[in-house]
Amino acid sequence: MDATLILIDSDAEFARARALVDQLWESDDPTDIARLEAQARLIAAYEESKWPRRPPNTADLIRHLMDQHGLTRADMVPILGTPSRVSEVLRGKKGLSMAMVQRLRTRFQIPADLLLPPPKKASASRPTKRAAASIRRARRSAEMPRMKTRGPG
């Protein structure tokens with residue numbers, strides 16, 4: 001086989017690259033194995049750029065867990081609180097409290113980071129009012145001339 005790799009920037013090239021991987025899969029030649037690994041990396045990069053992974057929506061994750069374990073909304077009341085809270089959480093209207101996260105972790109044996117929302121990115125455009133006031137105070141105090149104090153004498 002030749003030693004070329006397929007650079008992928010279209011669906012047609014993506015299909016050709018996958019076909020090449022299928023051909024290289026059966027080979028025991030070290031050159032083909034290295035080529036297979038390189039082509040697989042190119043495919044993975046294309047897939048990630050075209051279909052980026054997103055963390056699952058918390059409500060969707062809980063519904064999936066309920067389905068997998070054969071649970072109803074009524075079964076979720078001891079974990080999430082009241083029937084109305086279960087409904088709000090499953091509709092995505094309410095977030096989870098830390099107590100709910102703990103109970104879900106215990107019940108379904110899943111990591112807490114799946115249930116916690118991602119941290120919000122800090123806005124770099126403007127400081128908060130409190131931070132702006134602190135900056136103004138610091139600038140004013142830096143601009144004020146320092147007075148000499150005289151001790152007794």
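This report describes aromatic pairs, a loop serine and nonpolar cores in a predicted model.

## Aromatic pairs around phenylalanine 14

Across the whole structure, a search finds three aromatic pairs. One of them joins phenylalanine 14 and tyrosine 46 in a tilted arrangement, with 5.2 Å from centre to centre and 35° between the planes. Because phenylalanine 14 belongs to helix H1 (residues 11–25) and tyrosine 46 to helix H2 (residues 30–50), this pair ties together parts that are 32 residues apart in sequence. Both phenylalanine 14 and tyrosine 46 are buried.

Since phenylalanine 14 lies in helix H1, whereas tryptophan 51 lies in the loop between H2 and helix H3 (58–69), the pair ties together parts that are 37 residues apart in sequence.

## Serine 27 in the loop between H1 and H2

The loop between H1 and H2 contains serine 27, a residue that is buried, with a relative accessible area of 18%. The side chain of serine 27 reaches the backbone nitrogen of aspartate 29 at a distance of 3.1 Å. When residues up to four places away in sequence are not counted, serine 27 touches Asp32 and Ile33.

## Nonpolar cores

The largest nonpolar core has 17 residues, of which Ile62, Met66, Met76, Leu80, Leu104, Phe108 and Leu115 touch the most other members. At least two residues of this core are supplied by each of H3, helix H4 (73–80), helix H5 (83–90) and helix H6 (98–108). For phenylalanine 108, once neighbours within four places in sequence are left aside, the residues in contact are Leu65, His69, Leu71 and Met76.

Another core, made up of ten residues, lies apart from the largest one, and its members include Ala17, Leu20, Leu24 and Tyr46.

Note on methods
Residues numbered from 1 in each chain as written. Predicted model: local features only at pLDDT ≥ 70, side-chain atom pairs only at ≥ 80, totals over all residues. Heavy atoms only, no water. Phe/Tyr/Trp six-rings, centres within 6.5 Å; stacked < 30°, edge-to-face > 60°. Helix = DSSP H or I, 4+ residues; strand = E, 2+ residues; numbered from the N terminus. Buried < 20%, exposed > 50% of the residue type's maximum accessible area, 1.4 Å probe, protein only. Polar contact = N/O pair within 3.5 Å; in protein donor to acceptor, adjacent residues only side chain to side chain. Contact = heavy atoms within 4.5 Å. Core = buried A, V, L, I, M, F, W, Y, C linked by side-chain atoms within 4.5 Å.
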